[in-house]
Amino acid sequence: MSKTLTKTALTAAVTTALLAGTAVTSTASAEVSANIGFTSNYLFRGVSESGDDSAVQGGLDYEHEGGFYIGTWTSSLGGGGSYELDGYFGVAGEIGDSGVGFDVGYIYYAYPADDDADFGELYGALDFMGFYGMVNFVTNADESELEDTISYELGYSHDVMPGMSLGATIGYVDWDDSDWEDYTWWSLHATKETDLGDFTFAYTQNDIDDGSNIDDPRVNVSFVMSF
């Protein structure tokens with residue numbers, strides 16, 4: 001998966017987590033990578049997708065040296081047998097010799113065990129010296145009210161020592177449906193690389209005010225191993 005999306009995943013789902021890997025097979029022009037892991041709570045844009053339960057996750061990616069990539073990723077969604085299955089493709093690279101990275105593509109989120117839950121997004125992102133910004137736009141959805149929703153995200157990650165990084169992310173979800181409450185979410189995280197894989201500890205919260213505990217702070221631990 002793209003470097004920007006991988007970074008986003010680690011901060012947002014501390015997963016979605018997730019999508020980065022080391023090549024398992026490669027040629028002069030392409031590489032294939034895979035990853036598998038778990039999280040104590042699958043968080044996506046500041047909200048638990050797994051009902052505050054733990055989740056098992058994994059993905060498979062193909063990346064061409066020209067910048068094109070395609071992949072798939074899946075996660076359990078707590079009890080009841082529900083799961084998420086994503087497919088995505090895009091192009092990532094650097095703008096000249098500026099040091100500014102870019103990533104544009106499309107991702108489709110499928111929930112085979114749930115009715116009218118699938119949706120797809122176009123995304124675009126830039127990153128520079130540890131900072132990144134990303135915008136996602138819902139182009140199609142089983143639930144039409146979700147279409148035209150825009151999600152914004154800004155983040156920063158810094159290596160504080162070899163194999164150890166600290167980072168922060170803030171995001172805003174702008175629902176197209178005026179009956180839904182737009183919200184802001186934020187996350188602080190620390191990631192430690194080991195010979196077995198990467199461990200991430202994160203604090204995440206949002207400002208949704210619907211009378212439930214959805215805005216309670218969440219702390220979770222995630223692990224991802226790449227092949």
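The model is predicted: local features need pLDDT of at least 70, side-chain atom pairs need 80 or more, and totals for chains, interfaces and linings use all residues. Residues are numbered from 1 along each chain as its sequence is written, and side-chain values use heavy atoms, without hydrogens or water.

**Exercise 1.** Place F89 in the chain and classify its ring pair with Y106.

*Solution.* 
- Step 1. F89 is found in strand β7. Strands are DSSP runs of E with at least two residues, numbered from the N terminus.
- Step 2. Rings of Phe, Tyr and Trp (its six-membered ring) pair if their centres lie within 6.5 Å. Planes under 30 degrees apart count as stacked, over 60 as edge-to-face and the rest as tilted.
- Step 3. The whole structure holds nine aromatic pairs. In one of them, the centres of F89 and Y106 are 6.0 Å apart and the planes stand at 40°, so the pair is tilted.
- Step 4. This pair links distant parts of the chain: Y106 sits in strand β8, 17 residues from F89.

**Exercise 2.** Is Y106 buried or exposed?

*Solution.* 
- Step 1. Y106 has a relative accessible area of 18%.
- Step 2. Y106 is therefore buried.

**Exercise 3.** Classify the pair of F131 and Y156.

*Solution.* 
- Step 1. Their ring centres are 4.2 Å apart, with 35° between the planes.
- Step 2. The pair is tilted.
- Step 3. F131 belongs to strand β10 (residues 131–141) and Y156 to strand β11 (residues 150–161).

How values were computed
Helices (H or I, at least four residues) and strands (E, at least two) are DSSP runs, numbered from the N terminus. Buried means under 20% relative accessible area, exposed over 50%, partly exposed in between (1.4 Å probe, protein chains only).
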